[in-house]
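Hi,

Here is the structure I promised to pass on.

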Amino acid sequence: MPNHPGKRPVMSVSVQLDRSGSRFDAALLDRDGTLVRDVPYNGDPDRVEPMPGAAEAVARLRDAGLRLGVVSNQSGIGRGLLDAAAVARVNARIDELLGPFETWQVCPHTHEDQCRCRKPAPGLIREAARALGTTPQRCVVIGDIGADVDAAAAAGATGLLVPTEATRAAEVAQAPAVVASLGDAVDWILARESLLHPPVPAAPSGGNVLAVRADSTGDVLICGPAIRALAARAARVTLLCGPRGRAAAGLLPGIDDIIEWPVPWIDSAAGPVDPAAVTALLTEVSLRGIDEAVIFTSYHQSALPLALLLRLAGVGRVSAISDDYAGGLLDVRHRVPPGVPEPERALSLAAAAGYPLPDGADGGLRVNTDLSARTYPDPEEEEDPGDDIDNSGSGGGGGGGGSGDGTVRDGAGYVLVHPGASVPARACPPERCAEIVAALTAAGRRVVVTGGPDERELTAQVAGDVASDRGGDYDLAGLARLIAGADALVSGNTGPAHLAAAVGTPVVSLFAPTVPFGQWAPYQVPTVRLGEQLAACRETRAVRCPVPGHPCLSRIDPADVVAAVDALVGGTR
């Protein structure tokens with residue numbers, strides 16, 4: 001347990017906050033370089049100087065109803081350059097100028113101490129959330145260097161970078177969201193909240209609503225919160241999805257019926273447009289008596305072709321995100337600024353259509369499957385796909401329990417490595433994955449390797465003779481149970497990473513920068529991202545790596561994966 005110089009008492013810290021209709025309960029701010037100018041190892045209150053705009057920004061956050069805390073590394077204590085009392089005096093001066101802040105969380109350790117509280121470790125964020133009566137998932141962390149936003153991600157919180165002259169270019173590239181000033185940070189936070197609760201009337205209760213998401217497993221999973229929002233008011237929700245997303249659709253709460261149709265302009269395997277297939281789709285939609293449709297798309301896709309088909313099928317009201325002029329195709333033409341996480345992007349569309357999440361409802365990813373019946377594979381019993389072992393101490397839990405409160409898992413189970421990806425450019429090379437598996441097992445971790453039925457050769461190569469190869473052994477529901485029982489998942493930016501977010505399992509994300517991390521990161525789950533984010537493939541949306549050698553992922557050091565798992569799980573067993 002770290003010391004917390006300058007920490008102030010917090011009233012009613014055991015009470016869970018309910019900021020109905022909000023995205024965030026609390027804002028946690030870094031101290032030096034964010035709230036006040038960075039004076040190395042400062043123990044003199046007279047040298048405290050607020051950053052430009054800090055007083056106004058903090059006041060606006062407080063006026064918006066957010067509870068405020070400070071999370072600060074102070075290694076000068078551990079180095080003997082100043083004592084805890086001096087740090088407390090500086091913190092008290094900051095309280096006088098900008099506060100009061102409701103909690104101060106300070107790490108006194110040095111990097112060499114390898115503690116769990118020094119940023120980028122998540123300890124300070126977790127402690128601050130507890131002190132404020134909330135969870136990391138309901139906190140936004142504002143800082144000026146990569147360690148601040150990395151600590152936020154490792155706790156499952158939202159990170160926001162406000163760079164200074166000292167911030168490195170690589171840290172800016174790595175950050176999930178970047179703004180120019182503290183004032184802009186407040187604007188960003190309030191805009192995120194207003195997107196989910198726009199000033200539009202609620203839709204009438206009892207309608208028959210068609211939701212559309214035509215992509216793969218992960219794309220369907222991230223629409224889960226928005227579909228639950230539709231289901232809260234609709235009498236019936238039908239989901240139109242493609243073959244690649246059908247299994248995920250079967251796991252989502254709130255869906256009453258499913259129409260499977262490969263959308264030719266979205267699903268690359270669908271083939272050319274077939275007039276007979278289009279006519280069959282129109283007939284199927286018409287027979288269901290759909291009152292309105294909400295078309296969910298990714299930020300680079302157009303909803304207008306499907307909007308036209310749904311109009312031809314007789315759907316009376318259609319809502320979608322569209323930057324293009326839609327004429328009479330859309331009743332609700334919604335627009336979203338770039339960088340919004342995909343689950344919130346979908347939620348904002350549902351809200352604009354009159355279907356906000358009910359006040360107090362959880363906006364995280366969820367799956368509707370029996371995660372209490374988890375299967376724990378035994379690497380030493382290769383003929384048996386797994387053992388039913390009561391290992392409840394490892395976290396998991398029904399539909400996203402697990403580490404959702406930001407607590408550290410006990411490391412009593414196994415680490416799951418999923419080397420494949422639906423898009424080849426997002427898959428870490430097999431040779432490097434095999435090295436990662438070897439490093440994890442050498443560090444004392446029990447490792448299970450998974451993949452689809454068509455990836456058995458891949459999983460065998462990656463597992464080698466040191467890990468349990470379970471390639472092709474599980475359907476998606478079985479994989480959900482497997483991930484729910486894991487201490488952590490090591491995966492690229494692909495469906496299992498979003499499945500881990502849905503069941504509350506921490507993720508070591510081997511993230512290729514072909515799409516923005518801030519939009520596609522595992523949502524509201526502790527995450528450590530690895531990979532070269534300044535690679536030439538950055539934001540190209542490439543399906544296959546355009547750079548020889550796949551440098552963004554092939555250069556990942558297996559030792560960094562071991563360290564990331566340790567940070568999320570709590571050390572080797």
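Predicted model: local features only at pLDDT ≥ 70, side-chain atom pairs only at ≥ 80, totals over all residues.

Below is what turned up on aromatic rings and on one threonine.

Residues are numbered from 1 along each chain as its sequence is written, and side-chain values use heavy atoms, with hydrogens and water left out.

Searching the whole structure gives 3 aromatic pairs (ring centres of Phe, Tyr or the six-membered ring of Trp within 6.5 Å; planes under 30 degrees apart are stacked, over 60 edge-to-face, the rest tilted). One of them is W261 with W265: the centres are 6.2 Å apart and the planes sit at 65°, so this pair is edge-to-face. W261 is buried at 9% relative accessible area, whereas W265 is partly exposed at 33% (buried is under 20%, exposed over 50%, partly exposed in between, with a 1.4 Å probe and protein chains only).

F511 and F517 also pair edge-to-face, at 4.9 Å centre to centre and 90° between the planes. Both are buried: F511 has 1% relative accessibility and F517 has 10%. R529 lies over the face of F517, 3.9 Å from the ring centre (the cut-offs are CZ of Arg or NZ of Lys within 6 Å of the centre and within 35 degrees of the ring normal).

Then there's T297, in the loop between β9 (292–295) and α12 (304–312) (helices are DSSP runs of H or I, at least four residues, and strands runs of E, at least two, numbered from the N terminus). T297 is buried, at 6%. Beyond neighbours within four places in sequence, T297 contacts R213, S302, A303, I321, E342 and R345 (heavy atoms within 4.5 Å).

Cheers
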